[in-house]
Amino acid sequence: FIHGSRNECSSITVEMGASVVSNVKKTSDYLVIGALSSRDWKQSSHGRKIERAVELKQGGHRIQILDEQTWLEFVS
């Protein structure tokens, strides 16, 4: 993330009343993708999270995939 480390961004999110988990689940509402994502995201564990969120979305779950800028608008 450009805004800060993963822990810093997680802390901001928790302070606003949200839960932060390490894996994308059926109960997840959002997946935030940092602005500094690698072009090789498919080969990383983060890429698997994106794939999982897309699968859930296609399966009718309400998960939203947000970029870092959109997340910042929510928390600012």
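**Side-chain interactions in a predicted model**

R48 is partly exposed, with a relative accessible area of 45%; this class lies between buried (under 20% relative accessible area) and exposed (over 50%), using a 1.4 Å probe and protein chains only. The structure is a predicted model, in which local features need pLDDT of at least 70 and side-chain atom pairs count only at pLDDT 80 or more, while totals for chains, interfaces and linings use all residues. Residues are numbered from 1 along each chain as its sequence is written, and side-chain values use heavy atoms, with hydrogens and water left out.

- A search of the whole structure finds three salt bridges, a salt bridge being a side-chain nitrogen of Lys or Arg within 4 Å of a carboxyl oxygen of Asp or Glu.
- R48 is joined to E51 by one of these salt bridges, with the closest N and O atoms 2.9 Å apart.
- Both R48 and E51 belong to helix α2 and stand three residues apart, about one turn of the helix; helices (H or I, at least four residues) and strands (E, at least two) are DSSP runs, numbered from the N terminus.
- E51, like R48, is partly exposed, and its relative accessible area is 27%.
- A salt bridge also connects the side chains of E55 and R52, at 3.8 Å from N to O.
- E55 and R52 likewise lie in helix α2, three residues apart, or about one turn of the helix.
- E55 counts as partly exposed at 46% relative accessibility, and R52 is partly exposed with a relative accessible area of 31%.

- D29 forms a salt bridge with R62, in which the closest N and O atoms are 2.8 Å apart.
- This pair links distant parts of the chain, 33 residues apart: D29 is in the loop between α1 and β1, and R62 is in the loop between α2 (45-58) and β2 (64-67).
- D29 counts as partly exposed at 32% relative accessibility, whereas R62 counts as exposed at 64%.

- S28 is placed in the loop between α1 (6-15) and β1 (30-33).
- With a relative accessible area of 13%, S28 is buried.
- A polar atom of the S28 side chain lies 2.9 Å from the backbone nitrogen of K25.
- Leaving aside residues up to four places away in sequence, S28 touches V21, N23 and I63, where contact means heavy atoms within 4.5 Å.

**Aromatic pairs**

- A search of the whole structure finds two aromatic pairs; rings of Phe, Tyr and Trp (its six-membered ring) pair if their centres lie within 6.5 Å, and planes under 30 degrees apart count as stacked, over 60 as edge-to-face and the rest as tilted.
- F1 and W71 form a tilted pair, 6.3 Å centre to centre with 45° between the planes.
- Because F1 lies in the segment before α1 and W71 in helix α3 (residues 68-75), this pair ties together parts that are 70 residues apart in sequence.
- F1 is partly exposed, with a relative accessible area of 29%, whereas W71 is buried, at 6%.
- Y30 and F74 form a tilted aromatic pair, 6.4 Å centre to centre with 50° between the planes.
- Y30 lies in strand β1 and F74 in helix α3, so the pair ties together parts that are 44 residues apart in sequence.
- Y30 and F74 are both exposed.

Technical notes
Polar contact = N/O pair within 3.5 Å; in protein donor to acceptor, adjacent residues only side chain to side chain.
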